[in-house]
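Biologist: I've got a model open on my screen and I'd like to learn how to read it. Could you walk me through it?

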Amino acid sequence: MPELPEVETIANGLNQRVSGDRIESVWLGSKKEPLKSPATAIARTLEGAQVERVRRVGKHIVFDLNSNGRGKRSQWIVHLGMTGRMLTVAAGTELAKHTHLVARMASGRELRFVDPRRFGRLEVRDSVFSGPGAEPLEISREDFAGLFHGRTGLIKSLLLNQTLLHGVGNIYADESLFRAGVRPRRRANTLTRSELAKLHAALREVLKEAIAAGGSSVSDYVDADGEAGFFQFQHRAYGREGQPCLVCKTKIKKIVVAGRGTHYCPRCQK
């Protein structure tokens, strides 16, 4: 599933291409699973709306809209799920299989939502979507530590809890824990203030580096132009089971935490 850096990359690309453009018409496919809002509501909200900005909130792409030229503000919210793609293409480009939405823009571009497994979701709303948890790139060191105060859950599980921190997923939890030197199965309430400060700094560092590299393409992820990211070549823990640690040469181990494959160094992480 695309995580914060991948969604940030896509949202930034979309913002560059469609900010200020107007949606002239919308085509929706026959599959109901991707539609969190009714098809009629999606078409009514999008058609005629001007895209003011595209941005990321957690793992969601949010289109801020000026709807129908009447000054009414609304939002189009896209969650990519496991295999969803939000692409900008030229009008007349062959329609890919598993395309569930085509928004035709006044500029001649088309926005297309493609999702083979149909775990992605399309939603429109009039209220402001702020996401379920804190923003990892904005939360202070003190507030970050406060999220875990008194919690006995495993630190990896809590990093994945979107009601605490939205946007962090499996890849960047593993990578930040590695850089902070913290084992993924540590109980959160056993981490010292110094360890939490290191984890806060490591998480921000990893996320910023991944955004700069266009995200990690380890499965289906591509950006708004259909291009892959490059941060997978910089992974220090995730996906490196059995390979030597880049710091101490101990073999990276893989375990399961919160139902997710989890990678760590038995020597470097305590």
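This is a predicted model: local features need pLDDT of at least 70, side-chain atom pairs count only at pLDDT 80 or more; totals for chains, interfaces and linings use all residues.

Biologist: Fine. How do I read a sheet, and in what order do the strands sit here?

Modeller: In general, strands of a sheet pair through backbone hydrogen bonds, either parallel or antiparallel. Here the sheet is open, with four strands in the order S2-S3-S4-S8 and antiparallel pairing. At the edges you'll find S2 (50-57) and S8 (121-125), each pairing on one side only. From one strand to the next, the twist averages 20°.

Biologist: Over how many bridges do S3 and S4 pair?

Modeller: Eight: S3 covers residues 60-67, S4 covers 72-79, and they run antiparallel. To find your place, look for Val-62, which stands opposite Ile-77 in S4.

Biologist: And which strands does helix H2 touch?

Modeller: H2 (residues 39-46) packs on the sheet, touching S3, S4 and S8, and makes an angle of about 60° with S8. Helix H1 (residues 4-18), meanwhile, lies across S2 and S3, at about 165° to S2.

Biologist: What joins the side chains of Asp-115 and Thr-83?

Modeller: A polar contact of 2.6 Å. The two residues are 32 apart in sequence, yet their C-alpha atoms are 5.5 Å apart. Beyond its sequence neighbours within four places, Asp-115 also has contacts including His-98, His-100 and Gly-120.

Key. Residues are numbered from 1 along each chain as its sequence is written. Side-chain values use heavy atoms; hydrogens and water are left out. Two strands pair if DSSP finds at least two bridges between them. Helices (H or I, at least four residues) and strands (E, at least two) are DSSP runs, numbered from the N terminus. Axes are lines fitted to C-alpha atoms, for helices over the stretch in contact, and angles run from 0 to 180 degrees between N-to-C directions. Contact means heavy atoms within 4.5 Å. A polar contact is a pair of N or O atoms within 3.5 Å; within protein, one must be able to donate a hydrogen and the other to accept it, and residues adjacent in sequence count only if both atoms are side-chain atoms.
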